[in-house]
Amino acid sequence: MDKLKIVIAGPVGAGKTSFINAISEVEVVDTDRRATDETALRKQRTTVAFDYGKLTVSSGQILYLYGAPGQFRFDFMWDILIKGVAGYVLLVDANRPQDFYKARQILNFIKERINTPMILGLTHMDCEGAWEAEEMALALGLIDKEARPPIVTVNALEAKSVARCLIALLEHLIEKTVLNKG
Amino acid sequence: MIQASALKEQLENFIRKTPDVEGALLVTYDGLSIASVIPSNLDEERTSAMSAAMLSLGDRIARELNRGVIERILVSGEKGYSILVGCGEDILLLTLANSDAKEGILFLSIKRLVQEIQSLLKD
C-alpha cells in the first residue's frame with residue numbers, strides 16, 4: 001500500500017482545486033478555464049478535466065490526488081477518475097445548503113460505481129450560517145450513524161488542515177481494510 | 001453581438017461543403033454549447049463538456065512537454081475522426097468526420113472555418 005490514488009469530489013466551489021493546491025509537493029496540473037455558466041457568479045475559473053497533485057506521507061506512501069470537476073455535465077470525468085481509486089473525499093461547502101442535493105447526487109453517482117472508503121470534508125465551516133456536521137450528514141442522506149463515513153472540517157486553503165483531512169481518510173482506509181480482513 | 005443562429009448556419013454550410021464531415025460543434029472553453037450541428041444520437045451537453053475537457057488536457061500536455069501552442073487534437077477511430085481546435089480565445093470547435101475523410105482536406109477546411117467564424121465574431 002505505497003501508492004494510493006485519491007479523488008477529491010464535490011459540487012462547484014467546495015474547494016477541490018484549492019485543496020490540492022494547498023498540499024501538493026509538485027506543481028499542480030490544473031485544467032482551469034474561464035467560467036461562463038452560473039459558476040461565474042461565484043468564481044472566475046473552473047476545472048474542466050481534473051487537477052492533479054502529489055503528496056508523499058511520512059510512512060513512505062505516495063498519494064496521487066485527483067480533483068474532479070464539480071458540474072454534472074462533466075460526470076464522464078468522474079467515471080474516468082474513480083477507476084482504481086483507493087478512497088475519496090467528498091468536499092461540501094457547509095455554507096451553501098443549495099448545493100447539498102448536488103453533493104448527494106455526486107455521492108450516489110460514485111457509490112453506484114465503486115464501493116470504496118470515503119470521508120466527508122466540510123469546508124467554509126467558519127462562515128456564519130454554516131450548517132453543523134450532524135445536520136449536513138442528514139442532508140446528504142448519511143442517516144445511519146454506525147455506517148456513516150468520518151466527517152472532518154477542512155480549510156482548503158491551509159496545508160495543515162488539508163493534511164489532517166487526508167490523514168483521516170488514510171486512517172479510515174486502514175480501518176476498513178482491517179475490518180474486511182477480520 | 002453575434003447570433004447563435006448565424007454561427008449555426010456557418011456550421012451547416014461547412015458540413016454541406018466538406019466531404020465526409022458529419023457534425024460540428026462550437027463550445028465555450030468551460031464546456032457549454034454555443035452552436036451545434038451534430039448527429040441526433042449524440043448528447044449535445046455531454047459532447048460539449050467532453051470537448052472542453054479534452055482540449056484543455058491536450059493544451060496542458062503541449063505546454064508541460066514543451067510542444068508549443070497546440071494546433072489541434074485528433075482522435076482517430078475505426079469509424080472516423082473527432083477533431084478539436086481552438087477558435088478564438090474562449091471558443092473551441094469540434095468536427096466529426098467519417099473514416100473516408102482525407103486528413104489534409106479536413107484540416108484545411110477546418111482552418112478556413114475557424115477563420116470565418118473568427119471574422120464573424122469580430123463584427
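Colleague: How many residues join β3(B) to β4(B) in the hairpin?

Modeller: The hairpin passes from β3(B) to β4(B) through 2 residues. This is a predicted model, in which local features need pLDDT of at least 70, side-chain atom pairs count only at pLDDT 80 or more, and totals for chains, interfaces and linings use all residues. Residues are numbered from 1 along each chain as its sequence is written, while chains are lettered from A and ligands numbered from 1 in the order in which they are written.

Colleague: What is a strand, and in which sense do β3(B) and β4(B) pair?

Modeller: Strands (E, at least two residues) and helices (H or I, at least four residues) are DSSP runs, numbered from the N terminus. Two strands pair if DSSP finds at least two bridges between them. Here β3(B) and β4(B) pair in the antiparallel sense over 5 bridges, and Ile73(B) stands opposite Leu84(B) in β4(B).

Colleague: Which residue in the turn between β4(B) and β5(B) has a positive phi?

Modeller: That residue is Gly88(B), with a phi of about 95°, and 4 residues lie between the two strands of this hairpin. Strands β4 (80-86) and β5 (91-98) of chain B pair in the antiparallel sense over 7 bridges. Val85(B) stands opposite Leu93(B), and Gly86(B) stands opposite Leu92(B).

Colleague: In what order do the strands of the open sheet stand in chain B?

Modeller: The 5 strands follow the order β2-β1-β5-β4-β3 in chain B, with antiparallel pairing. Because β2 (33-37) and β3 (73-77) of chain B each have a single partner strand, they stand at the edges, and one side of each is left without a neighbour in the sheet.
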